[in-house]
Each structure stands twice: as C-alpha cells, then as structure tokens.
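Here is a short briefing on a protein model. Look through the sequence and the structure, then read the points below.

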Amino acid sequence: MNLPDNLLYTPEHEWVDWAPGTQDPVAIGITSYAAESLGDIVFVQLPAVGDRVKSGDVCGELESTKSVSDLYAPVSGEVVEVNTAAVDDPSLINNDPYGGGWLFKVAVEDASGLLTAAKYAELTGD
C-alpha cells in the first residue's frame, strides 16, 4: 500500500496533510486503502466552503460502483476550499488519492486522535 509518512491518518481511512503547531489550512483526502476498497468512485459530495466540520462527524459521501460510503471529518474547523476537480472527475481520487485526488481543506481548530503512518499501517494490516 502506498502510505506517505508525512501525512496523518484516521481509523476511517482519511488522511490529513498537517503538522502539529501549524495554522495553515490542511488538505484532506482518503487513503489508497479506502480508494481501492471502494472501487471506481463515480460521485463525490463534499462540505461547502464556509461549513464547519467536527472531527469524527460525517461531512460528505463517496459513491462507487460497489457502494456508498460516508466521509468523516478527520479534524474540526472551517472548510476553506473544495477540490472541484475531484468533484467533476471522481476518478482522480482513485488514480491519485494523495495528490490531485485531495478532497477539501480545513482551517484546523482541533486535530486530536490522528494516527501516524505506522499506526495506520498496523490498523489496516499493511
């Protein structure tokens, strides 16, 4: 499994491009494990810019050829940007989950409970 060490992860298979102590908005997406498990993603529903999300709460939805899955907010804060390219072409999420397939950005207020790449790998068995 492709698992960048510089990202943090959630048990629900989202990633966060965040370093503790930073104030910049963080990019959020789903892991390659989630993308592979879902199969071909065909529809994405994301929170809107200005929405407030709370860590652990459902904030969107991913629909694939196999199923519909909830998207959970990995951090709490305000959504400041949405990846419209991924909404317009959901295959970006499958093809480049850690790059062009990012989903949205949040100005972080709380980021407790995130996992390192090593801890996430233990969780997924990789």
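Tyr120 is buried, because its relative accessibility is 0% and the cut-off for buried is under 20%. The model is predicted. Tyr9 is also at 0% relative accessibility, so Tyr9 counts as buried too.

**Aromatic pairs**

- The structure holds two aromatic pairs.
- Tyr9 and Tyr120 form a stacked pair, with 5.0 Å centre to centre and 20° between the planes.
- This pair links distant parts of the chain: Tyr9 lies in strand 1 (residues 8-9) and Tyr120 in helix 4 (residues 117-124), 111 residues apart.
- Trp15 and Tyr98 form a tilted pair, with 6.1 Å centre to centre and 45° between the planes.
- Here too, distant parts of the chain are linked. Trp15 sits in strand 2 (residues 14-16), and Tyr98 in the loop between helix 3 (91-95) and strand 9. They are 83 residues apart.
- Trp15 has a relative accessible area of 2%, so it is buried.
- Tyr98 has 16% relative accessibility and therefore counts as buried, because the cut-off is under 20%.

**Nonpolar cores**

- The largest nonpolar core has 27 residues. Trp18, Ile30, Val75, Ile93, Leu103 and Phe104 touch the most other members.
- Five elements are listed as giving two or more residues to this core: strand 3 (26-30), helix 1 (32-38), strand 4 (41-45), strand 6 (58-64) and strand 9 (104-110).
- A second, separate core has 11 residues. Tyr9, Trp15, Ala27 and Tyr98 are among them.
- Leaving aside residues up to four places away in sequence, Phe104 touches Val26, Ala27, Ile28, Leu46, Pro47, Cys59, Leu71, Val79, Glu81 and Val82.

- An open sheet of three strands runs in the order 4-6-7, with antiparallel pairing.
- Strand 4 and strand 7 (68-72) are the edge strands, and each pairs on one side only.
- From one strand to the next, the twist averages 25°.
- Strand 4 pairs with strand 6 in the antiparallel sense over four bridges.
- Phe43 has Glu63 in strand 6 as its bridge partner.

**Annotated domain**

- An unreviewed UniProt entry places the feature "domain: Lipoyl-binding" at residues 25-107.
- Over residues 25-107, the chain is 20% helix and 42% strand.
- The end C-alpha atoms of residues 25-107 are 4 Å apart.

Methods. Residues numbered from 1 in each chain as written. Predicted model: local features only at pLDDT ≥ 70, side-chain atom pairs only at ≥ 80, totals over all residues. Heavy atoms only, no water. Core = buried A, V, L, I, M, F, W, Y, C linked by side-chain atoms within 4.5 Å. Buried < 20%, exposed > 50% of the residue type's maximum accessible area, 1.4 Å probe, protein only. Contact = heavy atoms within 4.5 Å. Pairing = 2+ DSSP bridges. Axes fitted to C-alpha atoms, helices over the stretch in contact; angles between N-to-C directions. UniProt positions renumbered as here; feature names shortened; annotations may be inferred. Phe/Tyr/Trp six-rings, centres within 6.5 Å; stacked < 30°, edge-to-face > 60°.
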